[in-house]
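Colleague: Before I rely on any of the labels attached to this model, I would like to hear how each of them was reached. Could we go through them one at a time?

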Amino acid sequence: MYYGQNNEDRIISSLIKEKYGDDYIGNILDLGANDGITLSNSRYFYEHNWNAYLIEAGQTPFHLLEKNTFDLRNIKRYNLALGVENGILTFHESSNLLNEKDRGLVSSLIEEETTRWKKAGITYNSYEVECFDWNTFVNYFDLQDLKFDIISIDIEGMDYAVLSQMNLEQLGCKVLC
């Protein structure tokens, strides 16, 4: 079963299988992992024994992520934001978007990112979160030697800012979404 928006995880899986074979197992890094199910680009992979590194800044989605993946040992979960600076920043967690069960799908560190969604009736709860730039994050959690075969980034307005801090070749990235 696939979960990603626009079949992204199915496409990624096909690319990996085509180039590396059906039995290939690697590491996936998911920035903006949300609840680990809704529109997830990583769930298919960690259900197939990949190691998953899931980052979610939102309190409610992270709580759901922990609940949805609590029994899986191949997952590391991080409740923090990635951005361009280190410190405590204001995070804007969105209410439900698709149905009454989802939470935080259009949350952001950037208040301006919330404007279009507010016009569509989405409400926000703002609170403080810990934020790391990429290098500080990997060093703090001792991940600097890891290779990430797949990197999925969906962090509402911070995607390029974080991506530009990464050396994809050094990270061993085979597929970027």
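Modeller: Let us begin with S4 and strand S6 (residues 124–132), which pair in the parallel sense over 2 bridges. Please keep in mind throughout that this is a predicted model.

Colleague: What makes S4 and S6 a pair?

Modeller: Two strands pair if at least two bridges are found between them, and S4 and S6 have 2 bridges. They therefore count as paired under that definition. Within this region leucine 82 stands opposite phenylalanine 132 in S6.

Colleague: In what order do the strands of that sheet lie, and which of them stand at the edges?

Modeller: The order is S4-S6-S5 in an open sheet of 3 strands, and the pairing is mixed. S4 and strand S5 (87–94) are at the edges, because each has a single partner strand, so that one side of each is left without a neighbour in the sheet.

Colleague: What is the order of the sheet of 5 strands, and why are two of its strands called edge strands?

Modeller: That open sheet runs S3-S2-S1-S7-S8, with parallel pairing. Strand S3 (75–78) and strand S8 (175–176) each have a single partner strand, so one side of each has no neighbour in the sheet. Helix H3 (residues 59–69) packs on this sheet, where it touches strand S2 (51–55) and S3, and its direction makes about 165° with that of S3.

Colleague: How do you know that S1 is paired with both S7 and S2?

Modeller: The cut-off is at least two bridges; strand S1 (residues 27–31) and strand S7 (residues 150–153) are joined in the parallel sense over 4 bridges, while 5 bridges join S1 to S2, again running parallel. Leucine 31 has isoleucine 153 as its bridge partner in S7.

Colleague: Why is S1 described as largely enclosed?

Modeller: A residue is buried when its relative accessible area is under 20%, and 5 of the 5 residues of S1 are buried, so the strand is largely enclosed by the rest of the structure. Both of its faces are covered, with Asn27, Leu29 and Leu31 buried on one side and Ile28 and Asp30 buried on the other.

Colleague: Why is leucine 176 called partly exposed?

Modeller: Leucine 176, which is found in strand S8, has a relative accessible area of 38%. Partly exposed is the class between the 20% limit for buried and the 50% limit for exposed, so leucine 176 at 38% is partly exposed. Setting aside residues up to four places away in sequence, leucine 176 touches Ile151, Ile153, Leu163 and Leu168.

Colleague: Which class does cysteine 177 fall into, and what does it touch?

Modeller: Cysteine 177 lies in the segment after S8, and because its relative accessibility is 30%, it counts as partly exposed. Not counting residues up to four places away in sequence, its contacts are Glu8, Ile12, Asn41, Ile151, Ser152 and Ile153. Cysteine 177 and alanine 52 are 125 residues apart in sequence and 15 Å apart in space, C-alpha to C-alpha.

Colleague: What is the volume of the largest pocket, and which residues lie nearest its centre?

Modeller: The volume is about 520 Å³, and of the 35 lining residues, Gly32, Leu105, Asp154, Ile155 and Glu156 lie nearest the centre. S1, strand S4 (81–82), helix H4 (115–119) and S7 each supply at least two residues of that lining. By class, the lining has 19 nonpolar, 10 polar and 6 charged residues.

Notes:
Residues are numbered from 1 along each chain as its sequence is written. This is a predicted model: local features need pLDDT of at least 70, side-chain atom pairs count only at pLDDT 80 or more; totals for chains, interfaces and linings use all residues. Side-chain values use heavy atoms; hydrogens and water are left out. Contact means heavy atoms within 4.5 Å. Axes are lines fitted to C-alpha atoms, for helices over the stretch in contact, and angles run from 0 to 180 degrees between N-to-C directions. On a 1 Å grid over the protein atoms alone, a cavity is a set of points where a 1.4 Å probe fits but cannot get out, and a pocket is an open set with protein on both sides within 12 Å along at least five of seven lines; lining residues have an atom within 4 Å of a point. Grid points are joined across faces, edges and corners, and a volume is the space filled by probe spheres set on the points. Ala, Val, Leu, Ile, Met, Phe, Trp, Tyr, Cys and Pro count as nonpolar, Asp, Glu, Lys and Arg as charged, and the others, Gly among them, as polar. Buried means under 20% relative accessible area, exposed over 50%, partly exposed in between (1.4 Å probe, protein chains only).
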